[in-house]
Amino acid sequence: MQPHSTSLPRRRLLAGSASALAAAGLASFQGQALAQAAAPAAKPLPGYAGFKNADAVIVHSSTTIETKRSAFGTSVITPSNQLYVRNNLPTPNASIVADRDAWQVQIDGVKQPRQLSVAELKKMGLETVTMVLQCSGNGRGFFPSKPSGTQWTVGAAGCVVWSGVPVREVVKALGGVADGMVYMTGTGGEVLPAGIDPKTVMVERSVPLSAMQDALLAWEMNGEPISLAHGGPLRLIVPGYTGVNNIKYIKQLAFTLKESEAHIMSHGYRISPPGSKSDPSQPSVQEMSVKSWINSPLPEAGTQAAGMVQIHGVAFGGMHAVKGVEVSTDGGKSWKPARLVGPDMGKYAWRQFVLQAQLPKGTHVLASRATDEKGNLQPETRGENQSGYNNTSWADHAVTVTVA
Ligand SMILES: Nc1nc2c(c(=O)[nH]1)N[C@H]1C(S)=C(S)[C@@H](COP(=O)(O)O)O[C@H]1N2
Ligand SMILES: [Mo]
């Protein structure tokens with residue numbers, strides 16, 4: 001028997017942890033039976049995320065919770081009780097949201113540095129932005145190289161509304177940015193474990209000064225005070241930038257000459273060539289780029305009845321508005337323009353799209369690809385990198401549905 005002729009389809013059949021079984025060379029039937037027997041029971045929601053709808057999410061761990069693809073609806077905004085959660089450190093104690101207005105943030109690297117309470121910030125300005133919040137590793141689960149880290153597929157993302165004070169208003173009130181500063185650096189308010197170098201664990205990220213223009217210090221999400229899970233009492237919102245740049249429970253906002261030396265900045269979230277170690281010379285994961293995916297129909301809904309379907313999903317441009325979306329029902333051989341649905345919530349939000357199609361009996365590979373206002377087209381292939389960041393491949397996000 002030629003080993004290669006059987007190992008390839010077997011690898012495709014088995015997903016996730018089961019691929020380890022495939023790699024171990026078990027026959028596909030055996031492998032599937034074992035994978036089923038070993039399928040872990042759904043993990044319980046951690047206490048701080050107890051308000052999440054357990055049916056709408058996948059609990060990967062106590063600090064990583066993903067929205068199910070089938071749970072994304074069609075009304076633009078992702079409800080708070082199904083938005084993903086990602087914490088790099090244990091969640092702070094709930095006492096930090098007991099008196100929200102009393103939370104203090106230190107503003108540095110301005111002409112008049114000072115500490116401000118949320119109560120004071122609330123008097124300094126007000127703005128609202130609708131924004132796609134997406135983890136840098138969303139889509140990692142589609143990398144055949146199986147990078148280490150959470151195997152997110154599409155659900156480490158959501159479209160949410162934030163309210164707070166524009167950072168530029170705060171800066172203006174404090175005399176402007178100090179001369180020569182190049183970065184805006186936010187520090188998370190987690191209490192760090194004693195006895196280790198804070199740089200190794202602290203959540204501190206630097207973004208270019210230009211990102212200040214649309215950034216907020218936000219206290220409200222989807223019309224409610226920001227929950228502890230999503231960074232209350234105060235969160236730095238940097239529209240268009242991946243999740244990690246949106247610092248929860250922010251305790252310091254500094255304009256700096258240099259990038260943060262925290263490990264999460266210097267080595268974390270770098271685009272490292274496959275097989276290589278991360279280092280500060282490699283590009284940082286920051287601005288998001290054009291991406292879309294289909295949320296219905298999905299294979300998990302089972303066999304579809306032949307006839308009319310509304311193929312719908314979400315599309316966003318990252319830094320630029322979405323201009324259009326095309327949908328393919330033949331795995332990308334041909335494309336038809338989809339229609340954008342519902343209100344346009346601004347360039348940082350996602351749009352819902354729909355293509356009405358007749359699907360005859362058979363198997364159909366459904367894919368979507370978006371274009372942004374600058375003419376950037378969502379690519380067919382992912383950009384390979386060691387840690388599985390920034391997956392925007394339309395082919396990876398395609399779904400295969402069966403119609404009978
Ligand atoms: N202080 C702090 N901010 C943080 C994190 C964190 O662990 N601590 N995680 C980041 C990462 S990696 C992501 S993807 C988003 C997740 O935001 P969410 O949990 O509100 O969905 O928060 C970012 N901001
Ligand atoms: Mo993330």
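Buried means under 20% relative accessible area, exposed over 50% and partly exposed in between (1.4 Å probe, protein chains only). The model here is predicted, so to speak a computed one: local features need pLDDT of at least 70, side-chain atom pairs count only at pLDDT 80 or more, and totals for chains, interfaces and linings use all residues. Residues are numbered from 1 along each chain as written, and side-chain values use heavy atoms, leaving out hydrogens and water.

**Exercise 1.** Work out how the rings of Trp293 and Phe316 are arranged.

*Solution.* Start with the cut-offs: rings of Phe, Tyr and Trp (its six-membered ring) pair if their centres lie within 6.5 Å, and planes under 30 degrees apart are stacked, over 60 edge-to-face, the rest tilted. Next, the numbers: the centres are 6.1 Å apart and the planes sit at 85°, so this pair is edge-to-face. Then place the residues: Trp293 is in strand E14 (residues 291-296) and Phe316 in strand E15 (residues 307-316), so the pair ties together parts 23 residues apart in sequence. Strands (E, at least two residues) are DSSP runs, numbered from the N terminus. Finally, both Trp293 and Phe316 are buried.

**Exercise 2.** Do likewise for Phe316 and Trp350.

*Solution.* Here the centres are 6.2 Å apart with planes at 45°, so call the pair tilted. Trp350 lies in the loop between strand E18 (339-341) and strand E19 (351-359), so its pairing with Phe316 of strand E15 links parts 34 residues apart in sequence. Trp350 is buried, with a relative accessible area of 1%.

**Exercise 3.** Which residues form one aromatic cluster?

*Solution.* They are Phe72, Trp293, Phe316 and Trp350.

Conventions. Chains lettered and ligands numbered in written order. Helix = DSSP H or I, 4+ residues; strand = E, 2+ residues; numbered from the N terminus.
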